[in-house]
Amino acid sequence: MKNKVEKVLFVGLGGVGQRHLRNLKAIKGESVGIFAYRKRNSQFVLNNKLEIMDNEELNVKYGITCVASLEEAFALGVNTVFICNPTSMHMEILIEALKAGCNIFVEKPVSANLNGFEEAEGWLKKKKNITFVGYQNRYHPCIKKAKELLDRKAIGDIVSVHSEIGECVKNWHKYEDYRTMYACRKELGGGVIVTQIHELDYLYYLFGTPKTVYAIGGKLSDLEIDVEDVADILMGYELGGKYVPVSVHEDYIQAPARRECRIVGTEGKIEFDLLSSSFVMFDGTGGIQYSETYEFERNDMFMSELKEFIDCIEKNRNPSISLPEGKKSLEMAMAVKESIKTGVPIEFGKFAECGKKGMVLI
C-alpha cells in the first residue's frame with residue numbers, strides 16, 4: 001500500500017462514480033492515472049447536475065485506461081480503488097482490493113447485506129488499508145452543526161427525534177430509465193432502506209445505535225420496481241437514562257422532495273432541512289437561539305469526503321468513516337428489513353451480534 005494517490009481504478013462510472021472522478025481530477029489534476037473496470041462501457045459524460053454533456057466521450061475526456069479484470073488493474077500498479085458499482089456488487093470488489101493492499105473508497109452502503117464482512121475485516125486488519133465509506137451527508141453543514149450543538153447539550157436531554165427523506169425516484173437520473181437503476185432492482189441491492197441509508201447513518205453519527213428497531217413498509221406504490229419503496233421506522237434509543245423514540249420515514253414517491261429532521265430536547269428544539277440547507281435552534285420558550293441558511297452546494301460534501309480520503313492516504317491516518325464505522329448504519333438497515341419481514345420489533349444488539357457471526361444475513 002502506497003501513501004500517494006498515483007494510479008486509481010474506478011469500478012463503476014455512473015452518476016456517483018463520475019462525480020468522484022471529476023472531483024479527483026479537480027484536486028489532483030494530471031498527477032494521477034485513471035483506470036476503469038466496468039460492465040457497461042457507456043461513454044456519456046455527466047456534469048454535477050447529472051446532465052449529459054453533448055459531444056464528449058468519457059474515456060477521452062479523462063484519459064481513462066480500461067481493464068478487463070481486477071487482476072489486470074493490480075498488475076498495472078493500481079494502488080487506489082473507488083467502488084461505485086451497484087450495491088450488491090460492492091463486497092466482492094472490496095475483498096479483492098483489500099487483499100491487493102489497495103486504498104479503498106467504497107460508496108455507501110458498504111453492501112446490500114452483512115455477508116462477507118468477517119472476511120473483509122480480517123483482510124483490513126492484516127493489510128491495514130485506508131478504507132473510507134462514502135457517507136457524504138456527514139459533511140453537510142446542517143448535520144455538522146447539529147453534532148456540535150448536541151455534543152454540548154445545547155437543547156438539554158433528547159426526548160424525541162424525527163427524520164424524513166422522500167423523493168420521487170423517477171426524477172433521480174435524467175440519463176436512464178428509473179426501472180433500470182440499481183436503486184430499483186432487488187438483484188442489484190436496491191430498495192429505499194439501503195439506498196436512502198444516509199438518514200440512518202446520520203442518526204447513528206448523532207446518537208449511536210438503537211436498542212430496538214420496529215418498521216412497517218414495503219412495495220406500496222405503483223412504481224414498476226421489485227423493491228420496497230416506503231418504510232416507516234421507529235427505533236428505541238437509550239439517551240440520558242431515558243428510552244427515547246427516534247423515527248425515520250423513507251420513500252421513493254414524494255414530489256417535491258422532502259429531507260428534514262426535528263430533534264426535541266428538554267430545553268429546546270433543533271430543526272434542519274438538508275435540501276434548503278437551513279438550520280434553526282429554538283429555546284424552551286420557542287425563541288430562536290440560532291438560525292442559518294448555509295451557502296452550500298451539494299458537491300461540497302463530496303469534495304470534503306474526498307479530500308479527507310486523500311489526506312488519510314498521504315498521512316497514513318485512520319479515516320473518520322472507516323469500514324467498521326460504515327458497517328453500523330448497514331446493521332441498522334438490516335434490522336429494519338428484518339422487522340418489516342417478521343412484523344416484530346428487533347433487539348438491535350442481539351441482531352448485530354448474530355450478523356457478525358453470519359447468523360442473520362438478509
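Two strands count as a pair if DSSP finds at least two bridges between them. Keep that in mind as you open this predicted model.

**Stop 1: the sheet.** Colour the strands and look for nine of them in an open sheet with mixed pairing, running β16-β15-β14-β13-β9-β12-β11-β10-β17. Now pick out the edges: β16 (288-293) and β17 (346-347) each have a single partner strand, so one side of each has no neighbour in the sheet. Select residues 278-283 next; that's β15, which pairs with β16 in the antiparallel sense over five bridges. Zoom in on F279 and you'll find its bridge partner in β16, E292.

**Stop 2: a helix on the sheet.** Select residues 198-207, helix α8, which packs on the sheet and touches β9, β11, β12, β13 and β14. Its direction makes about 155° with that of β9.

**Stop 3: the core.** Which residues have the most contacts inside the largest nonpolar core? Show L9, L24, F207, M235, I263 and F272; the core they belong to has 109 residues. Helix α10 (residues 323-342) gives the largest share, seven residues. Around L9, contacts beyond its close sequence neighbours include F35, V67, L70 and F82.

**Stop 4: the rings.** There are 12 aromatic pairs in the whole structure. F82 is in strand β6 and F309 in helix α9, 227 residues apart. Both are buried. Then show F272 and F279, whose planes are at 5°, so this pair is stacked.

**Last stop: charges over rings.** Find K147, whose charged end sits over the ring of Y205, 5.0 Å from its centre.

How values were computed. Residues are numbered from 1 along each chain as its sequence is written. This is a predicted model: local features need pLDDT of at least 70, side-chain atom pairs count only at pLDDT 80 or more; totals for chains, interfaces and linings use all residues. Side-chain values use heavy atoms; hydrogens and water are left out. Helices (H or I, at least four residues) and strands (E, at least two) are DSSP runs, numbered from the N terminus. Contact means heavy atoms within 4.5 Å. Axes are lines fitted to C-alpha atoms, for helices over the stretch in contact, and angles run from 0 to 180 degrees between N-to-C directions. A nonpolar core is a set of buried Ala, Val, Leu, Ile, Met, Phe, Trp, Tyr and Cys residues joined through side-chain atoms within 4.5 Å. Buried means under 20% relative accessible area, exposed over 50%, partly exposed in between (1.4 Å probe, protein chains only). Rings of Phe, Tyr and Trp (its six-membered ring) pair if their centres lie within 6.5 Å; planes under 30 degrees apart count as stacked, over 60 as edge-to-face and the rest as tilted. A charge sits over a ring if NZ of Lys or CZ of Arg is within 6 Å of the ring centre and within 35 degrees of the ring normal. Lists of a residue's contacts leave out its neighbours within four places in sequence.
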